[in-house]
Amino acid sequence: MAPAAREALDRCRVVVGYKTYIDLIGSVLKDQEVVATGMMREVDRCEAALDRALENRETALVSGGDAGIYAMAGLVLDICRARGLRVGPPGSTDVDLLLGFVPGIPALAAAGALLGAPLMTDFASISLSDLLTPWDAILKRVEAASMGDFVIVLYNPKSKKRDWQLEKVREVILRYRGPETPVGIVQKAMREGQCVTVCTLDTLPEQSVDMQTLVVVGNSATYAYGPYMVTPRGYLAKYDLAGKSGTEGAAKASS
């Protein structure tokens, strides 16, 4: 959790969110009023948070990852606009509602860190959930990203009822990339039960994938290096990086 998000939770008197996310942050909550709802209740959550905020009660609406990436920030603004509310960031005057967005850590950033360096150059993020986006539109986006040689990050790749889309997407990508293309599979990134696997497009169907999984498909230059994926940014073509040999023994580094 980003420190600013923790500070916002400490400050707010009401916390609203999807029950799974509320459970994840239960240990940092104190005496706040908690409003938790189940799946497919996004509008209810946003309206509950806005209603309480309009009562001058400082309220946090919790999302997983980053609120502005496949999460609640857009819906909050949609509802405010539909209600005709005048909104502005904290410190604004002559508004009906002070509305601030706290940056979080999106799953693609967490997964990227676990995989090493798969997102070093241009990438496209595509959700395979067709609840709000037509499947034909999703396929067009996958094909465009594949044709453009983007690294592709796939959110919501498979659910119990929606178990065939990932294979359709793989077939589209294989028109433009070889079967040996590295693919990262990250389940529950930075959470309990985390699992990280690097496979290839050819072996992707053999992997365990669910709604809490991110699938990262490399571009034509991406390579596997031990347990990591690397998408070169172009330094190898510009600089001699092989001039120095490794030191004896093992060295630890972090970046």
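Predicted model: local features only at pLDDT ≥ 70, side-chain atom pairs only at ≥ 80, totals over all residues.
Residues are numbered from 1 along each chain as its sequence is written, and side-chain values use heavy atoms, with hydrogens and water left out.

Start with the whole chain. It has eight helices and 13 strands. These are DSSP runs numbered from the N terminus, with helices being H or I of at least four residues and strands E of at least two. The C-alpha trace spans about 60 × 45 × 35 Å along its principal axes. Of the 255 residues, 37% count as buried. Buried means under 20% relative accessible area, exposed means over 50%, and partly exposed lies in between, with a 1.4 Å probe and protein chains only.

Return to β8. This strand covers residues 151–155. Five of its five residues are buried, so β8 is largely enclosed by the rest of the structure. Val151, Val153 and Tyr155 point one way, while Ile152 and Leu154 point the other way. Strand β7, residues 123–127, runs parallel to β8 and is joined to it by five bridges. Two strands count as paired if DSSP finds at least two bridges between them. From β7 the chain passes through helix α6, residues 135–147, to reach β8, and this β-α-β crossover is right-handed. Right-handed means that, with the strands pointing away from the viewer, the path from the first strand over the helix to the second runs clockwise.

β8 also pairs with β11, residues 213–217. Here the sense is antiparallel, over three bridges. Valine 153 stands opposite valine 216 in β11.

β11 leads on to β9. These two strands pair in the antiparallel sense over five bridges. Isoleucine 185 has valine 215 in β11 as its bridge partner. β9 spans residues 182–187, and six of its six residues are buried. Both faces are covered: Pro182, Gly184 and Val186 lie on one side, Val183, Ile185 and Gln187 on the other. β9 is also joined to β10, residues 195–200, by six bridges, and the two run antiparallel. Valine 186 has valine 196 in β10 as its bridge partner.

Now move to an open sheet of three strands. Its order is β2-β1-β3, with parallel pairing. β2 (33–37) and β3 (59–62) stand at the edges with a single partner strand each, so one side of each has no neighbour in the sheet. Neighbouring strands of this sheet are turned by 15° against each other on average, direction ignored. The axes behind that angle are lines fitted to C-alpha atoms, for helices over the stretch in contact, and angles run from 0 to 180 degrees between N-to-C directions. β1, residues 14–18, pairs with β3 over four bridges. Glycine 17 stands opposite valine 62 in β3.

Charged pairs come next. The structure holds 13 salt bridges. A salt bridge is a side-chain nitrogen of Lys or Arg within 4 Å of a carboxyl oxygen of Asp or Glu. One of them joins aspartate 10 and arginine 6, at 3.8 Å from N to O. Both residues lie in helix α1 (residues 3–11), four residues apart, about one turn of the helix. Another joins arginine 13 and aspartate 31 at 2.5 Å, N to O. This pair links distant parts of the chain, 18 residues apart: arginine 13 is in the loop between α1 and β1, and aspartate 31 in the loop between α2 (19–24) and β2. Arginine 13 is partly exposed at 37% relative accessibility, whereas aspartate 31 is exposed at 61%. Glutamate 55 bridges to arginine 57, with the closest N and O atoms 3.5 Å apart. Salt bridges that share partners join Glu33, Arg52, Glu55 and Arg57 into one network.

Two loop residues have a positive phi without being glycine. Methionine 40 has a phi of about 65°. It sits in the loop between β2 and α3 (42–53) and is exposed at 55%. Aspartate 94 has a phi near 55°. Its loop runs between β4 (87–88) and β5 (97–98), and aspartate 94 is exposed at 66%.
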